[in-house]
Amino acid sequence: QRSGQKDSLPEEAAREWIAQVLPAADATVIGLEPFAARGSDRAYWRVRAGDRGSFVFMHYELSRRENAVWEPIGRFLATIGIPVPRILAADSDRRFVLLEDLGNRSLESLAKESGDERIRLYAETLRIAHRLHSFPLEEFRRRGVPTMEGFSPELYRWEQDYFLENFVRDVCGIDAADLLRGALGDELRDLSDALLAGPPGLVHRDLQSQNVMIRSGSPVLIDFQGMRIGNPLYDLGSLLC
């Protein structure tokens with residue numbers, strides 16, 4: 001595949017594969033309904049498979065390395081008690097994954113519901129995050145789970161630049177270059193140094209309310225392909241702020 005070029009879904013092949021991995025499913029009656037685009041060169045479809053019920057089908061590209069580690073990270077998280085979508089089948093050659101259907105209810109979607117329910121779910125999400133953050137790094141390294149590179153001064157600088165370009169400059173109309181030459185530049189460097197000096201752990205890296213689905217009244221984490229070693233405060237800032 002040429003860099004930057006995205007495949008369209010080979011729909012017939014997807015239907016046949018789903019019928020193979022779902023016993024008694026008929027490829028001719030499998031329906032595929034595309035989800036709204038989420039970026040990162042991963043596309044999702046809701047699968048309607050007659051009496052077999054509803055599932056989610058994912059097709060990913062390899063233009064971003066994080067897509068290739070989604071499946072092994074998901075399987076690892078499930079083994080340590082982190083609630084994630086159940087992987088029903090996967091084909092790494094065709095880049096197909098079949099998942100349980102978590103529905104459409106996310107932590108973000110609860111903005112208009114009662115405060116007590118939101119607080120309960122946020123608290124439960126924080127307990128799940130703590131389970132991830134406190135997993136022993138020695139044991140994690142022994143398992144050989146592939147992840148993206150850990151947080152470093154370069155990664156923090158990239159993230160700061162991303163915020164300054166896409167929000168401060170493009171949304172607020174403020175010249176970030178001038179700000180970085182002053183006190184803000186010093187503060188961002190101090191912040192990066194402080195985060196790097198803290199005790200490391202496994203971090204989700206995109207722990208925001210959109211990426212916490214609600215299944216049977218409990219949180220389930222998605223979009224965990226960016227998991228890596230870093231400062232757990234990064235996840236807390238993402239979720240709470």
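Reader: Over the face of which residue does Arg 228 lie, and at what distance from the ring centre?

Author: This is a predicted model, in which local features need pLDDT of at least 70 and side-chain atom pairs count only at pLDDT 80 or more, while totals for chains, interfaces and linings use all residues. Residues are numbered from 1 along each chain as its sequence is written, and side-chain values use heavy atoms, with hydrogens and water left out. A charge sits over a ring if NZ of Lys or CZ of Arg is within 6 Å of the ring centre and within 35 degrees of the ring normal. Arg 228 lies over the face of Phe 151, and its distance from the ring centre is 5.9 Å.

Reader: Is Phe 151 buried or exposed, and what is its relative accessible area?

Author: Buried means under 20% relative accessible area, exposed means over 50%, and partly exposed lies in between, with a 1.4 Å probe and protein chains only. Phe 151 counts as buried because its relative accessible area is 10%.

Reader: Why does the pair of Phe 151 and Tyr 156 count as stacked?

Author: Rings of Phe, Tyr and Trp (its six-membered ring) pair if their centres lie within 6.5 Å, and planes under 30 degrees apart count as stacked, over 60 as edge-to-face and the rest as tilted. The structure holds eleven aromatic pairs. In the pair of Phe 151 and Tyr 156 the ring centres are 4.9 Å apart, and the pair is stacked because the planes meet at 20°.

Reader: Which helix holds both Trp 158 and Tyr 162?

Author: The rings of Trp 158 and Tyr 162 are also stacked, because their centres are 5.3 Å apart and their planes are at 25°. An α-helix has 3.6 residues a turn, so residues three or four places apart point the same way. Helices (H or I, at least four residues) and strands (E, at least two) are DSSP runs, numbered from the N terminus. Trp 158 and Tyr 162 are four residues apart, about one turn, and both lie in helix H6.

Reader: Which elements do the buried residues of H6 pack against?

Author: The buried residues of H6 are Leu 155, Tyr 156, Glu 159, Gln 160, Leu 164 and Val 168. They pack against helix H7 (176–180), helix H8 (183–197), strand S9 (228–230) and helix H9 (233–240).

Reader: Which residues is Thr 147 in contact with, leaving aside its neighbours within four places in sequence?

Author: Thr 147 lies in the loop between H5 and H6, and it counts as buried because its relative accessibility is 19%. Contact means heavy atoms within 4.5 Å. By that rule, with neighbours within four places left aside, the contacts of Thr 147 are Arg 65, Val 69, Ile 73, Phe 140, Met 227 and Arg 228.

Reader: How many disulfides does the structure hold?

Author: A disulfide is a pair of cysteine sulfur atoms within 2.5 Å. The sulfur of Cys 172 is too far for a bond, because the closest cysteine sulfur, in Cys 241, is 17 Å away. Cys 241 is in no disulfide either, and the number of disulfides in the structure is zero.
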